[in-house]
Amino acid sequence: MKIVRAMELLTILNHCHRHRGFVYQHARFGPDQKSIEVEVRPREGSAAVCSECHQPAPGYDHLPERCFEFIPLWGFLVFLLYRMRRVDCRNCGVVVEEVPWGDGKHQLTRAYMLFLARWARKLSWKETAEAFHTSWDQVCDAVEYVVGWGLEHRTLEKIRAIGVDEIQYAKGHKYLTLVYQIDQGLTRLLWVGKERTIESFQGFFTVLGEPLAAQIEFVCSDMWQPYLDVIRQKCSQALHILDRFHIVAKMNQALDDVRAAESRKMAQDGHQPLLKKTRWCVLKRKENLTSQQKFRLRDLLRYNLQTVRAYLLKEDFQQFWEYNSPTWAGMFLDFWCQQTMRSRIAPMKKIARTLRAHRELLLNYFKARKQISSGVVEGLNNKAKVTMRKSYGFRTFRILELALYHSLGKLPEPELTHEFF
Ligand SMILES: [Zn+2]
């Protein structure tokens, strides 16, 4: 008989979700039989706490009963019912009391918000909502709470290396600016800025503050001019490195333009469609080609085409990254640019001009290579893209910002006395 009593719902709640100053009073099915309602009341003789200054204060009056949603149990929604008190605080006046399981702004209890937010990192927000019979908005609310708490409580101590990158989030050139910490021991998303302007990147430095910005030793970026400007202005002491991934991507883009234009021209002039189905043959790294693509490529290389010459220039450039000494790398770069400028292939010449213009920043790659690994930013950006795909229902900046901080920010979480997840 005793054992049965010991497993009452209130006993379980007292075990996993106990709060000093409050007691669970009564548990019953809701009117629809689909939910469980648990009444909560203040413990006898315990004073209410002011929600502004967090000090005990004399009671003033009661608000109507409110329900706070708790983690669902065996297919039943669970609600805690409580009449919040208002206090007459010496410092703050008449204010609603503070309750440890939630706050005035959220309908969900803290425990449930944390629970949903953790699931929302593993599942999409939509799947999370479905799994727990709640709505997408509630999941969003939960993530917003957890992220807000995390941003407020995260520590931004000495940051040695950062990477900045942009990511497109909607059609029509809508971009976000993402700033990552890329220290060897800690990689995380530090900042999400709207647009990819000078102002959006500067926002990061405003949050960081000057003393911390002055301690940054390495900055990794692409060749986007606003970023270059901000780095020069805010991090002049840091070694600025151009991200290898972006340069390779630019080069591939140029090659692809050459191939597409030449392919079109050959078709117009009534030539054999030599370039058909060669796109990936020339864009992919050699070691990643299928045997059929290898064969196709070998065949293609026999022809004196612009595409072939551009391809060979691109392949040749791979060597650049293999150097150890910046001096030798610099000589290689100059030679490569010279060759390319003579190639009479406009998109490739454009690349050469760009590389020449950023020569010094490019060579910084060799000064920093032992210190930071250049693949980190690319890896983080890929994760960001996956997050964008699965975590939101609407492509608004606010939702994306939340989703990105939530999955990549390594933010601290509010602590609970019991692990519900
Ligand atoms: Zn107060």
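Author: Begin with strand pairing: two strands pair if DSSP finds at least two bridges between them. The model here is predicted.

Reader: How many bridges join strand β8 to β9?

Author: Eight bridges join β8 (residues 161–170) to β9, and the two strands run antiparallel. One of the facing pairs is Ile162 with its bridge partner Gln181 in β9.

Reader: Which residue in the hairpin of β8 and β9 takes a positive phi?

Author: Gly172 does, with phi near 80 degrees; this hairpin has three residues between the strands.

Reader: In what sense do β9 and β10 pair, parallel or antiparallel?

Author: Strand β10 (residues 187–194) pairs with β9 in the antiparallel sense, over seven bridges. Leu176 stands opposite Lys194 in β10. These two strands also form a hairpin, with four residues between them.

Reader: Why is β9 described as largely enclosed by the rest of the structure?

Author: A residue counts as buried under 20% relative accessible area. Eight of the nine residues of β9 (residues 174–182) are buried, so the strand is largely enclosed by the rest of the structure.

Reader: Now the charged pairs. How many salt bridges are there?

Author: The general idea is that side chains of opposite charge can pair when their charged atoms come close. With a cut-off of 4 Å between the side-chain nitrogen and the carboxyl oxygen, the count comes to 18 salt bridges.

Reader: Which residue forms a salt bridge with Arg118?

Author: Glu419 does, with the closest N and O atoms 3.3 Å apart. Arg118 lies in helix α3 (residues 110–122) and Glu419 in the segment after α17 (397–408), so the pair ties together parts that are 301 residues apart in sequence. Glu419 is exposed, at 54% relative accessible area. Arg118 and Glu419 are also linked with Arg121 and Glu413 in a network of salt bridges.

Reader: Where do Glu217 and Lys158 lie?

Author: Glu217 and Lys158 form a salt bridge, their closest N and O atoms being 3.5 Å apart. Glu217 is in the loop between α7 (210–213) and β11 (218–221), and Lys158 is in the loop between α5 (136–153) and β8, 59 residues apart. Glu217 is partly exposed at 31%, and Lys158 is partly exposed at 45%.

Reader: What parts does the pair of Arg359 and Asp334 tie together?

Author: Their side chains meet in a salt bridge at 2.9 Å, N to O. Arg359 lies in helix α15 (residues 359–368) and Asp334 in helix α13 (residues 326–341), so the pair ties together parts 25 residues apart in sequence. Arg359 counts as partly exposed at 32% relative accessibility, and Asp334 counts as partly exposed at 35%.

Key
Residues numbered from 1 in each chain as written. Predicted model: local features only at pLDDT ≥ 70, side-chain atom pairs only at ≥ 80, totals over all residues. Heavy atoms only, no water. Buried < 20%, exposed > 50% of the residue type's maximum accessible area, 1.4 Å probe, protein only.
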